[in-house]
Amino acid sequence: MKKLITYWLPPILWASGIFYLSGLSGLASNMTVFWDVFWRKLFHAIEFGVLNLLLWRALFYGESINFKKALGWSLFLTILYAASDELHQYFVPNRQCRWQDVMQDSLGSVAMTGGIFLLQRIGILKERQN
């Protein structure tokens, strides 16, 4: 139970937050179109990057999967969730389902994967306790 709460609850809650926000019909802002799009796309990349990090943490530390496999699986699962998020938006009024958005979300995941890999290579990430 401790492993579930410590390692799996954070990505489950984060993914639930993404699902909730994707279900909102429209989030109006008073910004110009350029800045509205810029900040939304940046936020999407960040939110899926964080999901990728949380999934990697659950797989690597929680399930003791080796580093590269955990990194690959977390990337795959995050991109899969990004695709399902866009499919979910297809059924939400005033929202769109666009493959370009899946690519944008995936870019955040890929960037986080690179960051995790870099942190591990330079020795900043904590080793797993056996």
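Which residues make up the largest nonpolar core? Keep in mind that we are looking at a predicted model. The core holds eight residues in all: Trp56, Leu59, Phe60, Tyr61, Phe67, Ala70, Leu71 and Ile116. Helices α2 and α3 each supply at least two residues of this core. The largest share comes from α2, with four residues. In general, nonpolar side chains in soluble globular proteins tend to be buried together.

Look at Ile116. Leaving out residues up to four places away in sequence, Ile116 touches Asn52, Leu53, Trp56, Phe67, Leu71 and Leu125.

Now the aromatics. The count comes to 14 aromatic pairs. Take Trp56 and Tyr61 as one of them. Their ring centres are 5.5 Å apart and their planes sit at 75°, so this pair is edge-to-face. The cut-off for that label is over 60 degrees. Trp56 and Tyr61 are both buried. They also belong to an aromatic cluster, together with Phe60, Phe67 and Phe117.

Next, helix α3. It runs from residue 67 to residue 90, which is 24 residues. From first C-alpha to last, α3 reaches 35 Å, close to the expected 34 Å. At its start, a side-chain oxygen of Asn66 comes within 3.1 Å of the backbone nitrogen of Lys68.

Which residues of α3 are buried? The list is Phe67, Ala70, Leu71, Ser74, Thr78, Ala82, Asp85, Glu86, His88 and Gln89. And what do the buried residues of α3 pack against? They pack against three helices: α1 (2-22), α2 (33-62) and α4 (99-121).

On to the charges. Side chains of opposite charge can pair when their charged atoms come close. How many salt bridges does a search of the whole structure find? It finds three.

Start with Glu63 and Lys3. Their closest N and O atoms are 3.5 Å apart. Glu63 is in the loop between α2 and α3, and Lys3 is in helix α1. The two are 60 residues apart, so to speak distant parts of the chain that the pair links. Are these two buried, exposed or in between? Glu63 is partly exposed, at 34% relative accessible area. Lys3 is partly exposed too, at 42%.

Then Asp101 and Lys41. This salt bridge is 2.5 Å, N to O. Asp101 lies in helix α4 and Lys41 in helix α2, so the bridge ties together parts 60 residues apart in sequence. Asp101 has a relative accessibility of 10%, so it counts as buried, the cut-off being under 20%. Lys41 is partly exposed at 26%.

Asp101 has another partner, Arg98. That salt bridge is 3.8 Å, N to O. Arg98 is partly exposed, with 34% relative accessibility. Through shared partners, Lys41, Arg98 and Asp101 join into one network.

To recap. The buried residues of α3 pack against α1, α2 and α4. Salt bridges link Glu63 to Lys3 and join Lys41, Arg98 and Asp101. That's my tour.

Terms used
Residues are numbered from 1 along each chain as its sequence is written. This is a predicted model: local features need pLDDT of at least 70, side-chain atom pairs count only at pLDDT 80 or more; totals for chains, interfaces and linings use all residues. Side-chain values use heavy atoms; hydrogens and water are left out. The expected span of a helix is 1.5 Å times one less than its number of residues. Buried means under 20% relative accessible area, exposed over 50%, partly exposed in between (1.4 Å probe, protein chains only). Contact means heavy atoms within 4.5 Å. A polar contact is a pair of N or O atoms within 3.5 Å; within protein, one must be able to donate a hydrogen and the other to accept it, and residues adjacent in sequence count only if both atoms are side-chain atoms. A nonpolar core is a set of buried Ala, Val, Leu, Ile, Met, Phe, Trp, Tyr and Cys residues joined through side-chain atoms within 4.5 Å. A salt bridge is a side-chain nitrogen of Lys or Arg within 4 Å of a carboxyl oxygen of Asp or Glu. Rings of Phe, Tyr and Trp (its six-membered ring) pair if their centres lie within 6.5 Å; planes under 30 degrees apart count as stacked, over 60 as edge-to-face and the rest as tilted.
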